[in-house]
Amino acid sequence: MGSTVRAVSESLQARFLGDGEVVLSGISGIRNAKSGDLVFVEDEKSLAPALASGAAAVIAGAFAAEKSPAKPLIIATQPRLAFARAAKLLSPGRDHRPGVHPTAVVHTSARLSPGVAIEACAVIGEGVVIGPGTWIGSGTAIADGVSIGRDCRVHANVTIYSGAQIGDRVVVHAGAVLASDGFGYVQDKTTGRREQFPQIGRLEIGDDVEIGANSTIDRGALEVTSIGRGVKIDNLVHIGHNCQIGEDVVIAAQTGLSGSIVIEKNVVLGGQVGIGEHARIEEGVMLGGQGGVLPNKVLRGQGVAFWGTPAQPVREYLKQLAVLTRLAKRKGKAVL
Amino acid sequence: MGSTVRAVSESLQARFLGDGEVVLSGISGIRNAKSGDLVFVEDEKSLAPALASGAAAVIAGAFAAEKSPAKPLIIATQPRLAFARAAKLLSPGRDHRPGVHPTAVVHTSARLSPGVAIEACAVIGEGVVIGPGTWIGSGTAIADGVSIGRDCRVHANVTIYSGAQIGDRVVVHAGAVLASDGFGYVQDKTTGRREQFPQIGRLEIGDDVEIGANSTIDRGALEVTSIGRGVKIDNLVHIGHNCQIGEDVVIAAQTGLSGSIVIEKNVVLGGQVGIGEHARIEEGVMLGGQGGVLPNKVLRGQGVAFWGTPAQPVREYLKQLAVLTRLAKRKGKAVL
Amino acid sequence: MGSTVRAVSESLQARFLGDGEVVLSGISGIRNAKSGDLVFVEDEKSLAPALASGAAAVIAGAFAAEKSPAKPLIIATQPRLAFARAAKLLSPGRDHRPGVHPTAVVHTSARLSPGVAIEACAVIGEGVVIGPGTWIGSGTAIADGVSIGRDCRVHANVTIYSGAQIGDRVVVHAGAVLASDGFGYVQDKTTGRREQFPQIGRLEIGDDVEIGANSTIDRGALEVTSIGRGVKIDNLVHIGHNCQIGEDVVIAAQTGLSGSIVIEKNVVLGGQVGIGEHARIEEGVMLGGQGGVLPNKVLRGQGVAFWGTPAQPVREYLKQLAVLTRLAKRKGKAVL
């Protein structure tokens, strides 16, 4: 029930100025801060509003350290990061009581570690393994043989097919579908009809991955779809079979990856991006919203931003847009 | 079990021509109209087919009022609107019997008003409040503290996280996810790894809102995501944290809004539109399908249509497309 | 528990070379083939790696028939197709035990054929009809009056509204929503507010259709939405009310169709395609990823590829992109 400025500072390995005994009971934004709240500022111009707000204390950068503060200050080299960490202490979210709800259906062969919580109407298949402290939301269906690590949160109404192996501290938001069949067919040349190509591979998800609501990730066809450690995936994203996503990749909402794509580590994909099969996005590339990459293409360049369909370095794409705008204006005046 | 032409006309506050005692038992389109059906026409050329159809009666505009009709006519200033309202009388949809299904799991502290219907395997958390006449479909999971108004329909397999407050007569279609965590992280500059920025704000949904199947709306990070009265959202739409959607906004399928966007009232967004963070779409703007708006941009103009990425007034965008087409044709003839 | 090369060849109506008594226990890709696996090759250059792999036998085309093989070879005119069919023999997927799980909720009036399997917490409404051998996954909700054919697989957490009629051997992946309300409103000209236009039509799905995870298909408003035999739909696809999709159409992930669109048979739509209402895509057209079609437009041409927004024959579109690139480069050198 709250923590002092001194205790929060110690946990953040940060120093504080002012009264260390002030009690913090939660976090908030500056505009809606109320008594007991901790807020943060990243620049000097936000400091005065923060100090004038209802907040009990402020996390700020070194720029604030010489002032004689009206409120306790916690001085952090990365104020936003310190705030995010303080939030886990002060606003830890609901505590899920360990145990299996009586309406959950857990196969007798499933192995649940200590501290696992299984909510109402969740369905856990044969041979499933769930690590310590992991929480499975209500209505979630986990098929035979799936393995899930420790301290994961799998929200309500998620579906995980057989063939998925999930690391530690993974968060899966509601409605996501993992390890579903990939989209692969063989057309019979004599009848024109399509039959499913086997979709019996696996899906491996690393530690500290987050998967947004209603996103879908298909398992490999014959081999594996893999999502690296620390990957963050927004809502309604689609990842096709056999994709390899490197560590710390960020994928914004509604982006779609067809099959057998390689996304190297630290790539950032904006929203509604579309990437064709067998493309490769190399380390550190950024691709702007709605950008499109053709099958088999390679985008390359640490920190280089691409945009458009087909995706080009953003400087070149903006030049093209500018030329087109100018031409259209000129032609508008001439006889067309 | 059916209603006379006279009774339907009275309920619509419309006049009728012909036999008011004809009994109507349902609604339909003109092509598949059968005995007892009510149909509608909005223009003179559709009137003859409607009168020749199997329908029992026709709603039409004033243009039809002077004819001597072969069938009863209900004369309305807005025939399509009158038809939609008549449909509620004649084809009211399934009546949900109030009560809690024995397989539903309702926390003892939840407050269910009279007339509430909770279907099989729905899960209602601690402190949830549900208004009179509201229906909760099977498998739907409603987390602790959520409040839902009166006469809402929340279809099957919906997930609502804590922090959501929902108005009256709201319809949430199957698979939608409301008040999920927003997509916000802080990257630790020393390790390069990302940690979640707190996503503990709220989601407020006004009266008469409709949310399509498998759409996702995130709650605010520290503050609120708000959806105004009368907003209509199609399937597979994504709305990020801290967005403010004004009254009577229409959002077609697969459109995505990243964080902290303001959409003012009466805006119409086509399908697959993408909008960057902190953009503002001002009152009455229309944005065509697949249009894209960059972060921090403002679109302005009551009734002005925009299109393209980046979105421009549609007239200018069409000029650019025309210039480009012409240049490509000309160059095709020259030596390239 | 495995099958000989001879038996697999017979079932494929193919001939084999080498030892027909070798036992096959599964399928795999060449790179991860292990003892007992069957693999396939489509061209001569893949044959040596396949023969050098750990696989027990290889399916290959006639090009391989003259060699004296190091492993048994099954010679097929369509090796990939033969492999897909062999997979069904050797890796048949989980066998669903017929019967109704005690936690499933099945209305007494529902008619379940022999061999039907209903998993935990599935909810089957009044008057539902389910054909022989069909499997309904856990948490799936099937509303009153829905009919489903034989040998279908409806995965977990699917929602099917009333009004759906589904053929034989249909696969519906997890989280899909079928026969939901279309997105149609009437705006009251006096108040500016919108009321729902009736969405009471039907959804008809033909035999051998596959529908991807979290896809949504709306039922007709007054008439019918229809999905033809053999249509394959990827994940997160949206199909609006009254659409007519012809036989053997393929629709990749995240594509969206608004209302009343006609897609004729054998059309292939790439991912993230968007099509406006009342458009018609004629037989055999291919439309590239992220392509857009305006309302009421017609695309025509057996085997013709279209791309871009608005969609154009791909040759013309590529010319436009090339002209624009050239102009931007030239202008970059001139004084702008």
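In this predicted model, Phe40(A), Phe83(A) and Phe197(B) are linked by ring pairs into a cluster.

The ring centres of Phe83(B) and Phe197(C) lie 5.7 Å apart, and their planes meet at 40°. Phe83(B) belongs to helix α3 of chain B, residues 79–90, while Phe197(C) sits in the loop of chain C between β23 (194–196) and β24 (202–205), so the pair joins two chains. Both partners are shielded: Phe83(B) is buried at a relative accessible area of 0%, and Phe197(C) is likewise buried, with a value of 8%.

A second pair, Trp307(C) with Tyr317(C), is edge-to-face, with 5.4 Å from centre to centre and 80° between the planes. Here Trp307(C) comes from strand β40 (residues 305–307) and Tyr317(C) from helix α4 (residues 314–333), both in chain C, so the pair ties together parts that are 10 residues apart in sequence. Trp307(C) and Tyr317(C) are both buried.

Chain B contributes 53 residues to its contact with chain C, and chain C contributes 58 residues. Between them the two chains bury about 4,400 Å², of which 57% is on carbon and sulfur atoms.

Polar interactions also cross this interface. There are 4 salt bridges between chain B and chain C. One salt bridge brings together the side chains of Arg85(B) and Asp188(C), with an N to O distance of 3.1 Å. Polar contacts across the interface of chain B and chain C come to 29 residue pairs, with both residues at pLDDT 80 or more. On the side of chain B that touches chain C, at least two residues each are supplied by α3, β28 (232–233), β31 (250–251) and α4 (314–333) of chain B. Helix α3, one of these elements, is also the helix that carries Phe83(B). Sorted by class, that side of chain B has 25 nonpolar, 17 polar and 11 charged residues.

How values were computed: Residues numbered from 1 in each chain as written. Chains lettered and ligands numbered in written order. Predicted model: local features only at pLDDT ≥ 70, side-chain atom pairs only at ≥ 80, totals over all residues. Heavy atoms only, no water. Phe/Tyr/Trp six-rings, centres within 6.5 Å; stacked < 30°, edge-to-face > 60°. Helix = DSSP H or I, 4+ residues; strand = E, 2+ residues; numbered from the N terminus. Buried < 20%, exposed > 50% of the residue type's maximum accessible area, 1.4 Å probe, protein only. Contact = heavy atoms within 4.5 Å. Buried area = accessible area lost by both parts, 1.4 Å probe. Polar contact = N/O pair within 3.5 Å; in protein donor to acceptor, adjacent residues only side chain to side chain. Nonpolar A, V, L, I, M, F, W, Y, C, P; charged D, E, K, R; others polar.
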